[in-house]
Amino acid sequence: MLIIPIQNKPDWRRPPLVCFALILANLLVFVLYQSGDEDRWRVAEEFYFSSELPVLDEGRFYEFVDAEKPEWRTQAQGAGEEFIYEQLLWSREFHNWLVTRLEQEGAEQWLAQRQQFAERRDSLSSFAFGLIPAEPTLKGLLGHMFLHGGWDHLLGNMVFLLLFGLSVELALGAAWFIGLYLVGGLAAAGLHMGVEAGSMMPMIGASGAVSAVMGMFVAVYGIRRLRFFYTLGFAFGEFTAPALMVLPLWLGKEVFGYFFGSENIAYWAHFGGLIAGFVCTMALIRVRPSREIQVEEDLPPTPEQLALARIESLQNSGKLLEAGQAATAAVRQHPESLSLIRKSIELTALAPESEAHHRAWLGLFALAKMPEQDFAPVAEGLESYLAQTREPRALTARVCLVLAQRAAGEKHWGLVEVLLQRLQQKQQRHPLMARLANGLVEHYRRCGDEERARRALDFARTLQPAAV
C-alpha cells in the first residue's frame, strides 16, 4: 500500500536547501563511499578462501547450529553449501561464538586468521557505519541514516524525502527541519533496537528519518484536507482527507508489514520515525507562535485560473476562434491579469493587423496605469509591438502619454524618447510632454551624451508656449 500527497508545491522563492542538502549527502555517500563495497568484499572473500578457514570453520559451524540456531539446520539442508558459506562469511553471531571458543582453546593461528578476515569484512559500509542492535555505536546511530542497500533503496527514500520534506522545511524552517529529521532518525533506531535487541544484523537506510518527516508533515497540516494518491495491490486512485487521517493508515501499514511482509525491512524503525516526527512537531507547534509556522494552503482555483484553463482547453482542442473570443471576454472581466492578456495577444496574433489584436495589446499597455503592476512586462511588450507591427494603432496619443509617464518614473528613458517622438509625429502638445522632455535632457546630460541632450532640449523648447 502506498499513500502520498499530490497537491503541495514548494515555494521556490525560498528553496528548501536543507532538504536538497540531505538528498545530495545521501547520493554522495552512496556513489563515493559505498561504491567501494564491492572491492572491499572481494578482498575479504579472497582472503577467506585462500586461507585455512573454510576447512576449519565448517565443522564448528554445525556445532554452532546445534547449540544456538537449530532452526538453521533445515535451511542448511535445503540450500546446501550456499547457505553454509553465506553464514560462515556474513554471520557475526557465528564469528563471535567461534572467537570466544578459539580464545579459550588457545588456537592462536586459527583465531588470527578469523580476526584478519573479520577486519576486512567489517570494512564494508554496512558493518562500519550500520546500526547493529546488539552492538550499537555512535557512528552507527548516525551513519546508518546515510547508507543504502542499492539504487532502488536509495532512490525510493530520496523520492519520499523530496515529496514530504519540501513542504515541511518551508513550514518549520531549515534549523528545526534538520533537527527533527535527526531526532526522528534516532528515535526510529531506538525502537528498532528495542524490538530487535540482540540482533547482529546491521540496519541501514534513511527510511526511519524519512518516516519522521512524514510524521512531521501530518502534524503540520493537521486537519486540513489534502489530496492523496494511493495504491492497494493493483488498484490505485485519489482521495481527499484530513492529513491526520493518513497517520493511522501509515502506522497500520508498518505493523502489517512486520507480521506479513519481507523480513529484510525494518518496519519498527518506520513506525518509530512516524511517531517521533509527529509528536515532536506537535510539541513544537504548541510552543512556537502560529505565525511562525508557514503552512502552504491548497486554495480552490481563482476565477482567473478557471478562465485561463477554459481558454487553453479550447486552444488545445483546435478551437482557436472560440479560444480567442473567450480570452477577449476574460480580459474584460480581469483587466489586471497579465497571464490572460498574454494569452489574448497570443491567440489574436494569428491576424496581426486585426482590430482584436491591437485591442489585446492595448490591454497590456493599460497595466501602466496600475502602480502595483510590474512595468517590465509592459516595456518588453511595447518594444515587441513596435518591432512587429507596421501600424501600431493601439498607441494613441493618450496611451503614449500614460506609457511615457510610467516609463519616466521607472527610469526607462529609451522608451520615453521613443514615445515622445511618436507624440511629436502626431503633432500633439501637452504640458506633460514638456516635463518628460526636460527629464530626458537631464538624463542624457548625466550620461554625458550632449548630442542627444541637445536634441531633447530643442524638442522641449518647441513645446513651450509662444511669447506674445
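I was working with a predicted model, where local features need pLDDT of at least 70, side-chain atom pairs count only at pLDDT 80 or more, and totals for chains, interfaces and linings use all residues. Residues are numbered from 1 along each chain as its sequence is written, and side-chain values use heavy atoms, with hydrogens and water left out.

**Entry 1: α15 and α16.** I looked up helix α15 (residues 303-316) and helix α16 (residues 320-333), whose axes come within 8 Å and cross at roughly 165 degrees. That makes α15 roughly antiparallel to α16 (angles over 145 degrees count so). The crossing of α15 past α16 is left-handed (the near helix is turned anticlockwise from the far one by less than a right angle). On the α15 side, I noted Ala-307, Arg-310, Ile-311, Leu-314 and Gln-315 in the contact (heavy atoms within 4.5 Å). The α16 side brings Leu-320, Glu-322, Ala-323, Ala-326, Ala-327 and Ala-330. I find eight nonpolar, one polar and two charged residues in this contact.

**Entry 2: α22 and α23.** Next I checked helix α22 (residues 431-447) against helix α23 (residues 450-462): their axes are 8 Å apart, at an angle of about 165 degrees. So α22 is roughly antiparallel to α23, and their crossing is left-handed. From α22, Met-433, Ala-437, Asn-438, Leu-440, Val-441, Tyr-444 and Arg-445 meet Glu-450, Arg-452, Ala-453, Ala-456, Leu-457, Phe-459 and Ala-460 of α23. I sorted these into ten nonpolar, one polar and three charged.

Definitions and conventions
Axes are lines fitted to C-alpha atoms, for helices over the stretch in contact, and angles run from 0 to 180 degrees between N-to-C directions. Helices (H or I, at least four residues) and strands (E, at least two) are DSSP runs, numbered from the N terminus. Angles under 35 degrees count as roughly parallel, over 145 as roughly antiparallel, 65 to 115 as roughly perpendicular and the rest as oblique. Ala, Val, Leu, Ile, Met, Phe, Trp, Tyr, Cys and Pro count as nonpolar, Asp, Glu, Lys and Arg as charged, and the others, Gly among them, as polar.
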